[in-house]
Amino acid sequence: MSEQPTGRTRILLVDDHDLIRKGLRHAFERDPNFEVAGEAGTAADGVRQAAALQPDVVIMDLRLPDGSGLSATRQLRKAHPTMGIVVLTMYAGDDQLFGALEAGASAFVPKSAPADDVVAAARHAASTPNAFTAADLAEAMKRRLAPSGPQLSPREGQVLKLLADGMSVAGIAKQLYVSESTAKTHISKLYEKLGAGNRAQALMTALRLGLLEPPDAPRF
């Protein structure tokens, strides 16, 4: 990092919209702890200016005329391990959030957020550039970790495997030590969860969802 006689956090703004850069500049200049060291309108210029100016924090737009802000973020993180990087985007979905995290950003802020949120993110990025933060991070993690598709009970999972083995209702009942009526109930509930009307449909759906291994899949 370069010398900072003023003790202020130096910011580089990278966004192709003049109005957004002007708004961000105004937000940072209102805070005596920050100064805007430079501006860029493309990813390539942003990477060049980051190398030349050595700012403490880069505010990086996600979509730029010459490429992705995520690609530029990866370049910056590789070249400047201790530089703070705040990804700013109009498209604030989970894919964009996790893309920023994986690219090495310090923070992720939607453009719909108040300017003060961008300033707060820059403050975080300057102090802990390698610790990622985002307002929706906890909820996004829950959404990503939540299992998708139908959730089978342990018994339904057993029934599915026995159906895949070609067992009859009577055979399944005997294998599970239940009555044929109970076995039929388990099969019916399994079909309902899989949206299937028969054994073949249930097995095809289970294979597609990864609930069953293909018959020729290697086993370790």
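Analyst: A crossing of two helices is left-handed if the near helix is turned anticlockwise from the far one by less than a right angle, and right-handed if it is turned clockwise. By that rule, the crossing of helix 7 and helix 10 is left-handed. What you see above is a predicted model, where local features need pLDDT of at least 70 and side-chain atom pairs count only at pLDDT 80 or more, while totals for chains, interfaces and linings use all residues. Residues are numbered from 1 along each chain as its sequence is written, and side-chain values use heavy atoms, with hydrogens and water left out.

User: Why are helix 7 and helix 10 called roughly perpendicular?

Analyst: Helix 7 (residues 154-164) and helix 10 (residues 199-208) pack at about 110 degrees, with axes 10 Å apart. Axes are lines fitted to C-alpha atoms, for helices over the stretch in contact, and angles run from 0 to 180 degrees between N-to-C directions. Under 35 degrees counts as roughly parallel, over 145 as roughly antiparallel, 65 to 115 as roughly perpendicular, and the rest as oblique. The pair is therefore roughly perpendicular. Leu160, Leu162, Leu163 and Ala164 of helix 7 meet Arg199, Leu203 and Ala206 of helix 10, where contact means heavy atoms within 4.5 Å.

User: What makes strand 1 and strand 3 a pair?

Analyst: Pairing requires at least two DSSP bridges between the strands. Strand 1 (residues 9-14) and strand 3 have 4, in the parallel sense, so they qualify as a pair. Within this pairing, Ile11 is bridged to Val57 and Leu13 to Ile59. Strand 3 is also joined to strand 6 (residues 84-89) by 5 bridges, again parallel; there Val57 has Gly84 as its partner.

User: Why are strand 2 and strand 8 called edge strands?

Analyst: The open sheet has 6 strands in the order 2-1-3-6-7-8, with parallel pairing. Strand 2 and strand 8 (133-134) each pair on one side only. Helix 5 packs on this sheet, and its direction makes about 155 degrees with that of strand 6. Helix 3 (residues 69-79) lies across strand 3 and strand 6, at about 160 degrees to strand 3.

User: What makes a group of residues the largest nonpolar core?

Analyst: A nonpolar core is a set of buried Ala, Val, Leu, Ile, Met, Phe, Trp, Tyr and Cys residues joined through side-chain atoms within 4.5 Å. The largest such set here has 19 residues, and Ile11, Phe28, Ile59 and Val86 have the most contacts inside it. Helix 5 gives the most, with 5 residues. A second, separate core of 17 residues includes Val159, Leu190, Tyr191 and Leu212.

User: How do you know whether Asp15 is buried or exposed?

Analyst: Its relative accessibility is 2%, so Asp15 counts as buried. Asp15 sits in the loop between strand 1 and helix 1, and its contacts beyond four places in sequence include Arg21, Asp61 and Lys111.

User: And what label does Tyr177 get, buried or exposed?

Analyst: With 78% relative accessibility, Tyr177 counts as exposed. Tyr177 lies in the loop between helix 8 (169-176) and helix 9 (180-194), and has a positive phi of about 60 degrees although it is not a glycine. Gln54 is another non-glycine residue with positive phi, near 50 degrees. Gln54 is in the loop between helix 2 (43-53) and strand 3, and its relative accessible area of 22% makes Gln54 partly exposed.

Note on methods
Helix = DSSP H or I, 4+ residues; strand = E, 2+ residues; numbered from the N terminus. Buried < 20%, exposed > 50% of the residue type's maximum accessible area, 1.4 Å probe, protein only.
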